[in-house]
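Here's a quick briefing to read alongside the model. Have the structure open and follow along.

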Amino acid sequence: MSEPNKSEPTKAPAAANSRAATKKELPEHFKGYKHVWVFVEQERGHVHPVSWELMGAGRKLADKLKVDLAAVVIGPTGAATEQAAAEAFCYGADLAYVVADDLLTHYRNEAYTKALTDVVNTYKPEILLLGATTLGRDLAGSVATTLLTGLTADCTELDVDADGSLAATRPTFGGSLLCTIYTLNYRPQMATVRPRVMAMPDREARPAGRIINHPLGLIEDDIVTKVLSFLPDRDSAKSNLAYADVVVAGGLGLGSPENFQLVRQLASVLGAEFGCSRPLVQKGWVTSDRQIGQTGKTIRPKLYIAAGISGAIQHRVGVEGADLIVAINTDKNAPIFEFAHVGIVTDAIRLLPALTEAFRARLSPHSRDRIAS
Amino acid sequence: MHIVVCIKQVPDSAQIRVHPVTNTIMRQGVPTIINPYDLFALEAALALRDKFGGEVTVLTMGPPSAADSLRKALTFGADRAVLLTDRFFAGADTLATTYALATAVRKIGDTFGAPDIVFTGKQTIDGDTAQVGPGIAKRLGLLQLTYVARIAELDLAARSVKVERRSEGGLQVLQTRLPCLITMLEATNEIRRGTMADALRAARAEVVTWSAQVAGVEDISKCGLRGSPTIVKRVFAPSPRAEKAALVEAGDAPADALINEMFRRQPKLESELAALARGY
């Protein structure tokens with residue numbers, strides 16, 4: 001039961017080792033597959049930003065392959081879906097495939113899998129990218145299995161190599177190594193990418209381009225699963241770790257769950273989101289939606305302050321995109337100092353309250369006026 | 001009621017080290033554990049069995065040593081354990097894995113009674129793909145409910161289940177029909193450790209072991225490396241960052257010194273932070 005990922009395959013007999021996947025010539029029936037597609041994820045009228053991040057990555061692949069970049073927009077009929085398609089052009093799409101049907105108002109695996117699978121089978125993309133969100137992963141797993149093709153999860157880098165194959169690089173072994181995965185003899189080549197792993201491309205105001213509508217071909221009775229209601233998170237407006245400009249996080253160095261309050265206080269003064277490393281989630285000090293790293297969230301803030309976090313590779317993977325990484329740790333040999341930009345070797349429990357006060361003093365409107373005058 | 005829980009024995013990734021010179025994984029002495037998310041799935045299954053009666057079968061695919069994880073699951077209270085092990089499964093990616101596991105679930109159904117629910121964890125901590133659950137569902141033609149936070153209602157007579165599923169910004173309340181496949185999110189309830197009776201039973205219990213042929217695999221070429229559309233071409237260590245952190249001396253006013261260094265490095269940061277602090 002290994003994953004792309006193949007943990008222990010080394011002792012396979014010669015017969016099992018003769019990989020069909022390594023044949024060089026693409027099977028005839030796959031030769032018609034062209035173009036790069038990005039699945040545009042929208043839920044309750046909002047496009048997830050990971051879709052535009054993927055559009056940026058997809059544009060580069062399409063340019064390199066000299067093919068079109070297409071968006072796939074699936075959703076209810078009406079303004080939100082039309083708007084999502086129009087936005088896709090502003091982020092670099094050459095054309096958009098749209099499946100609009102009111103049965104697609106809420107995400108349901110059965111209907112979305114049908115929609116995406118049908119569009120793929122009809123228009124045959126060579127590469128299909130999706131966000132590694134709850135929706136994207138749910139959908140990608142179903143679609144790839146239906147199409148019997150390869151799917152590489154949580155890629156951190158996408159490229160096409162000399163012969164035009166998608167080279168999808170992802171962390172493996174908890175982030176301690178990277179591996180590059182190919183899907184040579186199957187089409188489309190599918191990959192997911194987490195939010196914030198790829199940079200957001202610039203938005204360019206452009207008129208809507210070519211739209212190809214595709215029917216869903218289902219009636220409500222065909223769909224067994226019903227959406228009864230939606231319970232929004234209580235602090236959903238504030239819980240925005242992946243897209244926060246400033247993040248303060250704590251680790252085991254804080255010593256006790258009570259001390260995690262110090263992280264929250266500094267975050268509050270900075271108007272920042274707070275997060276933590278994996279051990280705090282495993283100990284139950286902090287809920288898992290605040291976890292940063294390979295098994296948690298990837299962040300890309302302007303400022304990241306890590307307090308009492310040693311900086312295991314698992315954590316590093318999730319924060320490397322930050323503009324400025326500041327580390328506070330008592331152990332000067334902690335791995336976090338290997339990838340932080342600024343560090344201070346001291347006890348976070350004592351420094352955090354002082355840092356909170358110092359920031360409060362510097363950032364208050366009063367002190368700003370003083371600086372300005 | 002019959003519930004099948006798919007688990008995976010994984011290396012405790014917190015304890016994996018990379019050889020500093022050769023950049024290879026040092027596996028020696030790394031303990032194996034049941035994938036933590038699968039324990040949430042097992043707990044959910046056991047709770048349903050306790051409430052509605054029936055049996056829980058745990059299933060894993062792996063080397064013969066994966067039987068250890070199955071025994072552990074038995075001590076936690078599972079009723080039966082099935083190990084799918086064969087050299088032909090080696091090197092499977094997620095697509096090949098779902099083929100083998102779906103075949104085994106079918107065989108479990110034929111042998112011990114058709115499952116009402118198949119559970120998995122939301123993902124494993126070694127592969128992290130979250131693809132195997134949806135893949136098994138698709139292979140078996142089951143409805144899938146992923147990232148389930150809570151099973152709100154189960155009506156066996158009506159063959160219906162209601163769950164709360166994690167999605168962006170909230171929980172989707174979904175209703176679907178049995179049989180279905182559910183992947184469990186981390187639970188809020190505690191995972192049981194089993195009773196003394198469970199431990200005694202587990203010690204005597206036999207782990208049912210199936211080869212590919214016994215499990216009813218029809219096409220061996222869909223298993224293992226041969227059945228995997230993805231191939232790993234290259235494994236390498238991430239390149240180290242060129243420079244280490246500039247260390248600020250913790251003097252009399254370490255907080256101010258640290259802030260000064262941040263602002264010196266990123267001149268725009270002060271005004272950006274001030275704007276954020278004012279709530280813009």
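Between chain B and chain A there are 30 residue pairs in polar contact, both partners at pLDDT 80 or more; a polar contact is a pair of N or O atoms within 3.5 Å, where within protein one must be able to donate a hydrogen and the other to accept it, and residues adjacent in sequence count only if both atoms are side-chain atoms. This is a predicted model, so local features need pLDDT of at least 70 and side-chain atom pairs pLDDT 80 or more, while totals for chains, interfaces and linings use all residues. Residues are numbered from 1 along each chain as written, chains are lettered from A and ligands numbered from 1 in the order written, and side-chain values use heavy atoms, leaving out hydrogens and water.

**The interface**

- The rule finds five salt bridges across the interface of chain B and chain A, each a side-chain nitrogen of Lys or Arg within 4 Å of a carboxyl oxygen of Asp or Glu.
- A:Asp233 and B:Arg166 form a salt bridge, with their closest N and O atoms 2.9 Å apart.
- In contact terms (heavy atoms within 4.5 Å), 98 residues of chain B meet 112 residues of chain A.

- Strand β13 (residues 226–232) of chain A pairs antiparallel with strand β11 (residues 170–177) of chain B over six bridges; strands pair if DSSP finds at least two bridges between them.
- Within β11(B), B:Leu171 sits opposite A:Leu231.
- An open sheet of 10 strands with mixed pairing runs β13(A)-β11(B)-β10(B)-β9(B)-β12(B)-β8(B)-β1(B)-β6(B)-β7(B)-β13(B).
- Its edge strands are β13 of chain A and β13 (208–210) of chain B, each pairing on one side only.

**The β13(B) end**

- Strand β7 (residues 80–84) of chain B pairs with β13(B) in the parallel sense over three bridges.
- B:Leu83 has B:Thr209 in β13(B) as its bridge partner.

Conventions
Helix = DSSP H or I, 4+ residues; strand = E, 2+ residues; numbered from the N terminus.
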